[in-house]
Amino acid sequence: MQHALSILQNTFGYPAFRGMQGDIIEHVADGGHALVLMPTGGGKSLCYQIPALLRDGVALVVSPLIALMQDQVAALQEAGVAAACLNSATAPEDAREIARMARSGELDLLYVAPERLLSPRFLDFLASLPQIALFAIDEAHCVSQWGHDFRPEYQQLGLLFQRWPQVPRIALTATADAETRADMLHFLQLQDARQFVTSFDRPNLFYQVVEKDSAKKQLLAFIEHDYPGASGIVYCLSRKRVDDTAAWLCENGLRALPYHAGMSHAERDANQRAFLREDGIVMVATIAFGMGIDKPDVRFVAHIDLPKSPENFYQESGRAGRDGLPATSWLCYGLNDMVQLTQMIESGDSAEQQKQVELTKLDAMLGYCETASCRRQQILAYFGEASAPCGQCDNCQRPPATFDATVPVQKLLSCIYRVEQRFAASHVIDVLLGRANQSVTHFGHDKLSTFGIGRELNQKGWRSIIRQLVARKLLVVDIVRGQSLLLTDACRPLLKGQQQIALRPLADDKKRQSVHAER
Ligand code: ADP
Ligand code: ZN
């Protein structure tokens, strides 16, 4: 192992291995197969780069993103490592030169796009090599339909492994629920591989969720109060919202820059470079921003729209606090986020099975937002890790009291029943509050027995209850028919008065927002 350590120090310039790196490197350098689950920023790259240098021959790295590949290769070359990449953008003469270098043993690492790897020409090229050092499969969750970016070509990689079974293979990912993990073992033939599972916990991240009221104002208040002058990232669902939010933050005196796929390359590059180099810039972005971004001192990641899965959420929020210093994941969400995302999934082009997967993940995300217990525990449990309440999230620091909501819930459910499950939340709430507006009178709902029976709560209170009931699957939002609220079977005992229900009280936004600052 002395040799691996000297490569770490002399080539990469780091004094010591981090976490399991040393063990993983030793195992793979010795010819073992490995499955590595390590959170983003944990240092996965070195786990195959150093064995690639320790073993004879060229190491093949399969990676799904061309941009990421090019960054990695550039960084390696800068460190004096013989690395190259082959993808759809590689010119034929460059490809020939790369092949020559590989055959003559001048190349240590070759990054390849998955579709390229399985072409007959590439297989011939592999067969002509004197030695393959290892196969590294980066972003290995792409092999699974359960993953958030499924790549069918990844499932073909097994062909390579059958042909070169003695070549060690190391699969790496930051995100893997139980199903994805099973798929990786199966398709990448890693049943005998040693699994290195690093904790997904990010102890220096504080988790906070607030109910959406006026997202931009809430965001500004959060930044000004908790992180004035700090670098941060704000994720939004749409390009338009990115532009609006960035402009609005600037008007309010912050240095905010937009980033989304609708901007020109030059603009995006300029903004990204400014964010990386300078302090105190707030990057307002769609999820297009962040792959491969490695800025250690991002103090907060804010989501002003609900992320579509726990994987997305974890990866995006994980870009905060890579330097190990305190940082915050701040999420602002409302029922409309849920409705909007459900609609996007339902109306998308994915296959039916895939849509179900996406809806399940969205549900898990809603569960994170609506939980009354430790948020970290909830995320880690999703990634298959058991843990104790953390003390470092809003719910741990101020456990939300629950209250007996049986009576208001009964009122709500019977009101939904009386309007025949054909109306959206806003209409149902109008009826409960006794607002005889045009729509309510048009449908004769001012004559219902439930008209005006819910005046003890306000609009916000009812919305909070509806969200919690959706999260608990007592209600469903029917997005096909005008976002009507539907009752599920689970409502029956409540409607019959056979069951009690406790809910989180209406969160007081100000109180919850200041939780972090008071620590
Ligand atoms: P991942 O692929 O797991 O997201 P990377 O391999 O990109 O993570 O590494 C994240 C950052 O941590 C990089 O800046 C990398 O140089 C740095 N890093 C990795 N290993 C070490 C180490 N042993 N000591 C210090 N920094 C490290
Ligand atoms: Zn907690």
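Colleague: How many of the 10 residues of helix α3 (residues 45-54) are buried?

Modeller: Nine of the 10 are buried, so helix α3 is largely enclosed by the rest of the structure. Here a residue is buried if 20 or more other C-beta atoms lie within 10 Å of its own, exposed if 12 or fewer, and partly exposed in between, with the C-beta atoms placed from the backbone. Helices (H or I, at least four residues) and strands (E, at least two) are DSSP runs, numbered from the N terminus.

Colleague: What kind of model is this, and how is it numbered?

Modeller: This is a predicted model, in which local features need pLDDT of at least 70 and side-chain atom pairs count only at pLDDT 80 or more, while totals for chains, interfaces and linings use all residues. Residues are numbered from 1 along each chain as its sequence is written, and chains are lettered from A and ligands numbered from 1 in the order in which they are written.

Colleague: Which residues of α3 are the buried ones?

Modeller: They are Leu 46, Cys 47, Tyr 48, Gln 49, Ile 50, Pro 51, Ala 52, Leu 53 and Leu 54.

Colleague: In what order do the strands of the seven-stranded sheet come?

Modeller: Seven strands form an open sheet in the order β3-β4-β2-β5-β6-β1-β7, with parallel pairing, where two strands pair if DSSP finds at least two bridges between them. β3 (83-86) and β7 (194-197) stand at the edges with a single partner strand each, so one side of each is left without a neighbour in the sheet. From one strand to the next, the twist averages 20°; axes are lines fitted to C-alpha atoms, for helices over the stretch in contact, and angles run from 0 to 180 degrees between N-to-C directions.

Colleague: Which strands of this sheet does α3 touch?

Modeller: Helix α3 packs on the sheet and touches β1, β2, β4 (109-112), β5 and β6, and its direction makes about 175° with that of β5. Contact means that the C-beta atoms of two residues, placed from the backbone, lie within 7 Å.

Colleague: Is β5 buried or exposed?

Modeller: Six of the six residues of strand β5 (residues 132-137) are buried, so this strand too is largely enclosed by the rest of the structure. Strand β2 (residues 58-62) runs parallel to β5 and is joined to it by five bridges, with Phe 135 in β5 as the bridge partner of Leu 60. Three bridges join β5 to strand β6 (residues 169-173), again in parallel, and there Ala 171 in β6 is the bridge partner of Ile 137. Strand β1 (residues 34-37) pairs with β6 in the parallel sense over four bridges, and Thr 173 in β6 is the bridge partner of Leu 37.

Colleague: Changing topic, what is the strand order in the six-stranded sheet?

Modeller: That open sheet runs β8-β13-β12-β9-β11-β10, with parallel pairing. At its edges stand β8 (205-211) and β10 (256-259), each with a single partner strand, so one side of each is left without a neighbour in the sheet. Neighbouring strands are turned by 15° against each other on average, direction ignored.

Colleague: How many residues of β13 are buried?

Modeller: Seven of the seven residues of strand β13 (residues 327-333) are buried, and the strand is mostly covered. Ala 327, Ser 329, Leu 331 and Tyr 333 point one way from β13, whereas Thr 328, Trp 330 and Cys 332 point the other way. β8 pairs with β13 in the parallel sense over seven bridges, and four bridges join strand β12 (residues 300-303) to β13, which also run parallel.

Colleague: Which residues have the most contacts inside the largest nonpolar core?

Modeller: They are Val 234, Val 282, Met 283, Val 284 and Val 428, in a core of 84 residues. A nonpolar core is a set of buried Ala, Val, Leu, Ile, Met, Phe, Trp, Tyr and Cys residues joined through C-beta atoms within 7 Å. A second, separate core of 59 residues includes Val 61, Met 69, Ala 136 and Tyr 154.

Colleague: And which residues come nearest to ligand 1?

Modeller: Of the 13 residues around ligand 1, Tyr 14, Arg 18, Gly 43, Lys 44 and Ser 45 come nearest, and a residue counts as near if its C-beta atom, placed from the backbone, lies within 6 Å of the molecule or strand in question.
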